Amino acid sequence: MVRSTLPRATRATRALRAGFAGGALALAALAVTLPAAPAARAADPDVNVYSTRQAFLIQPLFDAFTEETGIGVNVVFAKEGLAERLRAEGDNSPADLVFTADIGHLNDLVELDVVQPVDNATLESAIPAQYRHPDGKWFGLTLRGRVIYAAKERVPEGAVETYADLTDPRWEGRVCTRKGDHPYQVALLAALIAEKGEDAARAWLAGLKDNLARRPQGNDRAQVKAIMEGQCDLAIGNTYYMGKMLDDPEQRAWAEAAYIVFPNQDGSGTHMNLSGVAMTKAAPNRDNAVALMEFLVSDRAQEMYAQLNHEYPVKPDVAWSDLLRSWGDFKMDPLSLSEVAKYRGRALMMVNSVGYNS
Ligand SMILES: [Fe+2]
């Protein structure tokens, strides 16, 4: 379901632009039709955002941005379908920016040709190259590791150290994962294809399937719940879910039954994924949109955005939350996410060819 706050603001923005084009008379008419619009806005149109990220994650940032710059932010939240919506709206789209999570969704925006490159020194110096599109068609803003959740009571520390360890016959019938075609799993497999080749990746996936305790099902948190219930000893999940489970009185026990293993510390490092932002092709308020993007890589916004969802800031040297620091420092896989994106198609085919979900 789409909770839209945009249409009225969009009409206002369009009317404002028409007002500038039409001169004083149009502006006078605007003042009559939009009595509630603050005077400051008339000289400074808003920025319009489409977001698959939930309101509680981004609204505090937008409020801080408005407070600092006077530029309002109008947001349309939707769980899915925003890329298709942008495609349908084309040049008439009121949206300036899209906020979404996972390299798969960011890459969809590029493949559907609904975003434009942004060439900006502030963004390029703040965001490491592996976490932004080479031509500036998307920029990472927060990071999450795809880690192993291990049963505190049944998996001794050090017994599992790599993604490959999950395929060890020692863990036969003791591993739980969500479905293999979910974007989080696809990106992990795509990274493996990029680094080790298709044969090694297929062998890993088949080995993982052989060790599954049950048919892949549920979300990342459901796997940790299954650890608590004794159905499995090991699972794969994103780092921030540990924080989210600890925050939730009903799920706290799930989190407390497991500990995080950051895989591949002596090798390639832990697979990372991201949430990010992209500028739409239409972007009627381009300057304001760039101002918001730049704000989001300021130290203050980076710290705030990462903390809201227990994620890692994309900008190096920005402080981590106490909780993330308690999990420890770790080596992140430096593989570029746009490189990961190239192998998503092959990864998805591989999931089907080994029958991972069946
Ligand atoms: Fe998630």
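Trainee: Is the crossing of α10 and α11 left-handed or right-handed?

Mentor: Right-handed, that one. Keep in mind that we're looking at a predicted model. Helix α10 covers residues 220-228 and helix α11 covers residues 240-247; they pack at an angle of about 70 degrees, and their axes sit 10 Å apart. Since angles of 65 to 115 degrees count as roughly perpendicular, that makes α10 roughly perpendicular to α11. As for who touches whom, α10 brings D220, R221 and V224, and these meet Y241, K244 and M245 of α11. Sort the residues of that contact by class and you get 3 nonpolar, 3 charged and no polar.

Now put the α8 and α9 pair beside it. The crossing of α8 and α9 is right-handed too, with the axes coming within 7 Å and crossing at roughly 140 degrees. That makes α8 oblique to α9.

One last thing to look at is the largest pocket, which holds about 1,000 Å³ of space. Its lining counts 34 residues, with T52, R53, A78, K79 and H105 nearest the centre. Both α8 and α11 are among the elements that give two or more residues to that lining. By class, the pocket lining has 14 nonpolar, 9 polar and 11 charged residues.

How values were computed. Residues numbered from 1 in each chain as written. Predicted model: local features only at pLDDT ≥ 70, side-chain atom pairs only at ≥ 80, totals over all residues. Heavy atoms only, no water. Axes fitted to C-alpha atoms, helices over the stretch in contact; angles between N-to-C directions. Helix = DSSP H or I, 4+ residues; strand = E, 2+ residues; numbered from the N terminus. Parallel < 35°, antiparallel > 145°, perpendicular 65-115°, else oblique. Left-handed = near helix turned anticlockwise from the far one by under 90°. Contact = heavy atoms within 4.5 Å. Nonpolar A, V, L, I, M, F, W, Y, C, P; charged D, E, K, R; others polar. 1 Å grid on protein atoms, 1.4 Å probe; cavity = no way out; pocket = protein on both sides within 12 Å on 5 of 7 lines; lining within 4 Å. Points joined across faces, edges and corners; volume = space filled by probe spheres on them.
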